[in-house]
Amino acid sequence: MRLKIALAAASIVGLAGSASAQDAYVIGVTAALTGPPASTYAPAMDALRIYLDGVNARGGVNGKQIKLVIQDDSAEPSKAVANAKKLVSQDNAILLVNASLSSTYAPVVAESRNSKTPLLFASGVCPKDVYPPANPLQFCTTAYASSYDSRAALTFVKDQAKGAPVKIGFSAMAIPLSRGEMEVAAKLAPEMGMTALGIEVIPPPTPDYTPFATKLKDAGANWVFSWAPWVTQVRTFEALRRLGWQGDYITWAHLEAEGELKRIKDPKLFVIGANALFDDALPEQKVIAEAAKKAGSKYPPEQMVEGWIAGMVIEAALKGAGAKATTESLLQSMSNLKVDLKGLRGGPIEWTKDNHFRTKQFYRVYKWDPAASRIAIAKDWYSYDVK
């Protein structure tokens, strides 16, 4: 059975064939498939479709097919809540998935709570409610991990400095999550022996990053850390270089990072993330690339890992819930789940009753290697216990 995503007005609905909601597991998704943030979420949801399409082709889970229903919310909260209500009340979804901006989280969480339907965050930042002690209904597969990401990035900076003084500045987009994470980092840096400089908070529509870069340079930064949407991260870096700044820059490895490292070719630009880059040529990455090509996806395979991982986790959760799965049995399965990610990350996703994020968060740092003319690992996998 082949799942298809076809945009029609405000909704995208998957599943072609004869399976009905009664003889299939229904997975309901509200996602930002259109609008400015679509470049982050649409590839992930296409990957989820392709992964579940493959599961159905292999006979499904517990002998049942999976019906994927995807509604576009354009990252608008009002659309997200309407989607969630429809997915639960009309489509009888056994699991809700949110793949959109954090501004859509509250109304979808409310619908999940009202209907007692499990809610999975996939490809958007994980909310704090999935950390221990976890909300019983909320789970997350996304690589991002607020506060853990800053600790990991600053640990790398300290290692690289090898005892030399570090004066570090920060670049954030003027949105709550980005600004909050940079405030965490600015507070943590002195505890790790660094001099924390100011945080440049940059509005999203900024046409010229030079004024913000100038402040970082003039403050004497020899390192800059940015945790923000890719546009803010890379344009701040490029503005610094145009000003003649020669320091080191570390930033989050968003979907665009792999291609951008190859474009920029700067050995002092480091990207830190929880997903392995496709230059590693792992067997599972080749599986993703081949599946995307066969499905005719318009997205590059390196942008599909988040959705692929979400598919792996959904498949495992449904398997544990049984053929006659209910929301209750699915919750029990999700609260005691361990999924081998086959090298796509540094370790498995493991959920317990109290931890719906993962018991360990792994990081790897990459950079451009001019001598080899390719991407190289700057620091191999290291991890933190999530407590």
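Predicted model: local features only at pLDDT ≥ 70, side-chain atom pairs only at ≥ 80, totals over all residues.
Residues are numbered from 1 along each chain as its sequence is written, and side-chain values use heavy atoms, with hydrogens and water left out. Local features need pLDDT of at least 70 and side-chain atom pairs count only at pLDDT 80 or more, while totals for chains, interfaces and linings use all residues.

**View 1. The largest pocket holds about 770 Å³ of space.** On a 1 Å grid over the protein atoms alone, a pocket is an open set of points with protein on both sides within 12 Å along at least five of seven lines, a cavity is a set where a 1.4 Å probe fits but cannot get out, and lining residues have an atom within 4 Å of a point. Grid points are joined across faces, edges and corners, and the volume is the space filled by probe spheres set on them. The lining has 26 residues, with Pro37, Leu101, Met173, Ile175 and Pro229 closest to the centre of the pocket. Helices H1 (38-57), H5 (176-191) and H7 (230-242) each contribute at least two lining residues; helices (H or I, at least four residues) and strands (E, at least two) are DSSP runs, numbered from the N terminus. Domain 1 (24-144 + 281-356) and domain 2 (148-273 + 364-385) each provide at least three residues of this lining, the domain bounds coming from an automatic or database domain assignment. The lining comprises 18 nonpolar, seven polar and one charged residues, where Ala, Val, Leu, Ile, Met, Phe, Trp, Tyr, Cys and Pro count as nonpolar, Asp, Glu, Lys and Arg as charged, and the others, Gly among them, as polar.

**View 2. The second largest pocket has a volume of about 490 Å³.** Of its 20 lining residues, Ile50, Tyr51, Gly54, Arg58 and Trp308 lie nearest the centre. At least two lining residues come from each of H1, helix H9 (283-295) and helix H10 (305-321). In this lining, 10 residues are nonpolar, one is polar and nine are charged.

**View 3. The largest cavity, of about 230 Å³, is one of two cavities of 30 Å³ or more in the structure.** Helix H8 (257-264) and H10 are the elements that give two or more residues to its lining. Ala253, His254, Leu255, Asn275 and Glu302 lie nearest its centre, among 20 lining residues. These divide into 11 nonpolar, six polar and three charged. Because domain 1 and domain 2 both give residues to the lining, the largest cavity lies between them.

View 4. Strand S15 (residues 360-369) supplies the largest share, three residues. By class, five lining residues are nonpolar, three polar and three charged.

**View 5. Helices H10 and H11 (residues 327-334) cross at roughly 120°, with their axes coming within 8 Å.** H10 is therefore oblique to H11. Axes are lines fitted to C-alpha atoms, for helices over the stretch in contact, and angles run from 0 to 180 degrees between N-to-C directions. Angles under 35 degrees count as roughly parallel, over 145 as roughly antiparallel, 65 to 115 as roughly perpendicular and the rest as oblique. The crossing of H10 and H11 is right-handed; a crossing is right-handed if the near helix is turned clockwise from the far one by less than a right angle, and left-handed if anticlockwise.

**View 6. The axes of helix H6 (residues 210-218) and H7 come within 8 Å and cross at roughly 65°.** H6 is therefore roughly perpendicular to H7. H6 passes H7 in a right-handed crossing.
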